[in-house]
Amino acid sequence: MRITKLHGLAILVTAGITGAIWYHYPFSPARGQEQAASPEGESVLKTELYETSLILPWRQDVLVLTPWLAPIVWEGTFSRDILNAQYLQKNLVTGLVTFAVEKYVQFVEGFMRSANKYFLAGHHVNFYLFTDSPEKIPHLQMAPENDLFVIPVQNDSRWQDMPWSRMDTLSWYIQRQFQHEVDYLYCLDVNVQLLAHVGVEIIDALVATISSWQVIPQHEDRAHEPQAATPGGQGDFHYTAGFYGGSVAEVYELTRACSEGGMEDRGNGVEARWHLESHLNRYLLHHKPTRLLSPEYYWDTELSPSVIQVRRMCPVHKASS
């Protein structure tokens with residue numbers, strides 16, 4: 001039978017939609033085949049082939065798929081019950097890293113209470129809290145499935161230097177410790193409050209969060225919006241440095257690249273406009289995230305809700321100097 005151009009187009013569209021739906025779930029067969037190498041050359045992704053048969057209707061008011069067929073997670077685009085069941089079968093452990101140095105120690109209690117309640121609730125999470133003031137960390141009652149590790153660090157004299165120190169410290173600990181303790185690792189600012197459940201829908205090989213400034217209507221004032229920190233200011237999306245993560249191996253490569261980029265800038269007497277966020281966006285331009293989180297997952301409180309149905313976390317007011 002002769003295939004017309006119309007038939008060919010229909011086949012391509014159907015294949016694209018099917019592939020996107022198949023790829024939408026983090027524990028699908030496509031995901032199980034992504035065996036990334038750890039810093040020591042061994043696989044840290046312990047996923048197996050698993051078939052997800054549920055297909056949910058997608059939202060029509062927001063972008064739910066990137067040009068490279070990575071899903072963009074919004075409320076209404078996933079079933080947490082299905083994903084929870086898959087995650088539990090894998091016996092996975094996820095780590096959450098945050099840094100609380102100098103004045104940011106004051107945010108620890110609020111951050112930990114909300115994260116302990118809402119971050120991967122019901123699943124095993126290792127919380128890694130880096131701080132220069134371990135004696136100021138209050139006693140925190142953790143959920144039975146969660147563990148808190150307070151790790152002392154030294155602070156830098158210039159606040160601009162702290163992001164590079166964080167990246168260098170994080171890559172060092174991934175290589176020597178975290179890769180043996182967790183399967184996935186996420187990094188989150190400490191001056192954040194979780195307001196709703198952040199579940200296993202965030203789990204994937206390389207995960208980035210779209211900046212909330214990118215989804216406001218075109219006619220609204222964008223005077224304070226950061227430009228995409230990529231060569232020539234061009235990029236697919238602008239990602240916030242407030243929340244990112246993925247497999248231990250992928251996060252190791254990301255943190256190492258950002259640390260090296262920051263050190264190179266300092267050696268050349270250059271300072272990126274948005275510091276860590278600039279280098280994070282540059283890295284993700286060339287290493288596409290396998291899953292994007294919508295601005296629901298890091299919503300700027302200065303903006304109106306717009307298309308946001310659920311604000312899962314928001315930064316709180318920064319500490320005074």
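Helices (H or I, at least four residues) and strands (E, at least two) are DSSP runs, numbered from the N terminus.

The structure is a predicted model, in which local features need pLDDT of at least 70 and side-chain atom pairs count only at pLDDT 80 or more, while totals for chains, interfaces and linings use all residues. Residues are numbered from 1 along each chain as its sequence is written, and side-chain values use heavy atoms, with hydrogens and water left out.

The chain has 7 helices and 10 strands. Of its 321 residues, 53% are buried, where buried means under 20% relative accessible area, exposed means over 50%, and partly exposed lies in between (1.4 Å probe, protein chains only). The chain exposes about 15,400 Å², and carbon and sulfur atoms supply 53% of this area. Accessible areas come from the Shrake-Rupley method with a 1.4 Å probe; for residues, only the protein chains shown count as cover. Among contacts (heavy atoms within 4.5 Å) between residues at least 6 apart in sequence, 74% join residues at least 24 apart.

Strand β3 covers residues 125-131, and because 7 of its 7 residues are buried, β3 is largely enclosed by the rest of the structure. Val 125, Phe 127, Leu 129 and Thr 131 point one way from β3, whereas Asn 126, Tyr 128 and Phe 130 point the other way. Two strands pair if DSSP finds at least two bridges between them. Strand β2 (residues 94-100) pairs with β3 in the parallel sense over 7 bridges, and Ala 100 stands opposite Thr 131 of β3. Between β2 and β3 the chain passes through helix α4 (residues 108-118), forming a right-handed β-α-β crossover. A crossover is right-handed if, with the strands pointing away from the viewer, the path from the first strand over the helix to the second runs clockwise. Strand β4 (residues 146-152) also pairs with β3 in the parallel sense, over 7 bridges, and Phe 149 in β4 is the bridge partner of Tyr 128.

The buried residues of α4 are Val 108, Phe 111, Met 112, Ser 114, Ala 115, Asn 116 and Tyr 118. They pack against β2, β3, β4, β5 (184-188) and β6 (192-194). An α-helix has 3.6 residues a turn, so residues three or four places apart point the same way.

Glu 102, in the loop between β2 and α4, has a phi near 50° and is partly exposed, with a relative accessible area of 48%.

Arg 291 is found in strand β9 (residues 291-293) and is buried, with a relative accessible area of 2%. Its side chain makes a polar contact with the side chain of Asp 204 at 2.7 Å and reaches the backbone oxygen of Glu 201 at 3.3 Å. A polar contact is a pair of N or O atoms within 3.5 Å; within protein, one must be able to donate a hydrogen and the other to accept it, and residues adjacent in sequence count only if both atoms are side-chain atoms.

The structure holds 0 disulfides, a disulfide being a pair of cysteine sulfur atoms within 2.5 Å. Cys 258 is buried at 1% relative accessibility, and Cys 314 is buried at 5%.
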